Amino acid sequence: MIGLGTIINVAGILAGGLFGKLFGRFLADRYQDSLSKACGVSVLFIGISGSLEGMLKIENDTVVSQNAMLVVLSLAIGTFFGELLNLEDKIERFGEWLKIKSGNSKEKKFVEAFVTASLTVCIGAMAIVGSIQDGIFGDYSILATKAVLDFIIILVMTCSLGKGCTFSAIPVAIFQGGITLLAQFIKPLMTDAALANLSLVGNILIFCVGVNLVWGKKIRVANLLPAIVIAIVMAFLPFNL
């Protein structure tokens, strides 16, 4: 069944949010704060490991760096367009609307939780590759694996940030479901080079999410999202950066 992968992924997020809410209510504020920091550190290292995988390689038994210019240009150009569109503000306004419509007006961290969780579970190559596999072949294995990872991430985040994390299921359903429907058109664009660039820049954005979790909101991560598109476009340039 085409689309089953996204359904499984959404179910994993909802389950993680449910369990997180059940456990989180028994945790005092100091436990929730420490758990939030621990989650942030975990996200930081997930981002670091993925980024280094794309920026380091071994040549003649020596570790050398690569793709530095790709990272700089993708982030600089992407951030310019992100700020121009003010994506962060639009996502936060959607979060505020969700907060009211879902009857969670008294949840102080609802919008922060929604934005942070959405960025964490939507960014990454697994979401795109898995959705394309699901759309073309009906193979939901990648998204099923992602569902397990997202279950754990959302469970921990919900314990520390609140039920807003659960609503990250909505952008995941829209994003992955849209890619699944358009898989035939998107697949030719997802070359090995494009996926490598996407993974590299996506992991840097995940690192930025971790920074905000640990030290408070320092980076408007949503305004960096166009950097992923720029990174994919750069994969089709006739020269290497």
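**Notebook: helix α5 and its neighbours**

I looked up α5 against α8 to start. Helix α5 (residues 110–122) packs on helix α8 (residues 169–181) at an angle of about 30°, and the axes are 9 Å apart. Helices here are DSSP runs (H or I, at least four residues), numbered from the N terminus. Axes are lines fitted to C-alpha atoms over the stretch in contact, and angles run from 0 to 180 degrees between N-to-C directions.

The model is predicted: local features need pLDDT of at least 70, side-chain atom pairs count only at pLDDT 80 or more, and totals for chains, interfaces and linings use all residues. Residues are numbered from 1 along each chain as its sequence is written, and side-chain values use heavy atoms, with hydrogens and water left out.

I checked the handedness next. The α5/α8 crossing is right-handed (the near helix is turned clockwise from the far one by less than a right angle). From α5, Phe 114, Ser 118, Val 121 and Cys 122 meet Pro 171, Val 172 and Phe 175 of α8 (contact: heavy atoms within 4.5 Å). Nonpolar covers Ala, Val, Leu, Ile, Met, Phe, Trp, Tyr, Cys and Pro; charged covers Asp, Glu, Lys and Arg; the others, Gly among them, are polar.

Next I compared α5 with α7. Their angle is about 160° and their axes are 11 Å apart. The two helices are therefore roughly antiparallel (over 145 degrees). The α5/α7 crossing is right-handed. On the α5 side the contact uses Glu 112, Ala 113, Thr 116, Ala 117, Thr 120 and Val 121; on the α7 side, Lys 146, Asp 150, Ile 153, Ile 154, Met 157 and Leu 161. The class count for α5 with α7 is seven nonpolar, two polar and three charged residues.

Phe 110 lies in α5 and counts as buried because its relative accessibility is 0%. Beyond four places in sequence, Phe 110 touches residues including Leu 98, Lys 163 and Phe 167. Thr 145 is in helix α7 (residues 141–161). Thr 145 counts as partly exposed, at 44% relative accessibility.

How values were computed:
Buried means under 20% relative accessible area, exposed over 50%, partly exposed in between (1.4 Å probe, protein chains only). Angles under 35 degrees count as roughly parallel, over 145 as roughly antiparallel, 65 to 115 as roughly perpendicular and the rest as oblique.
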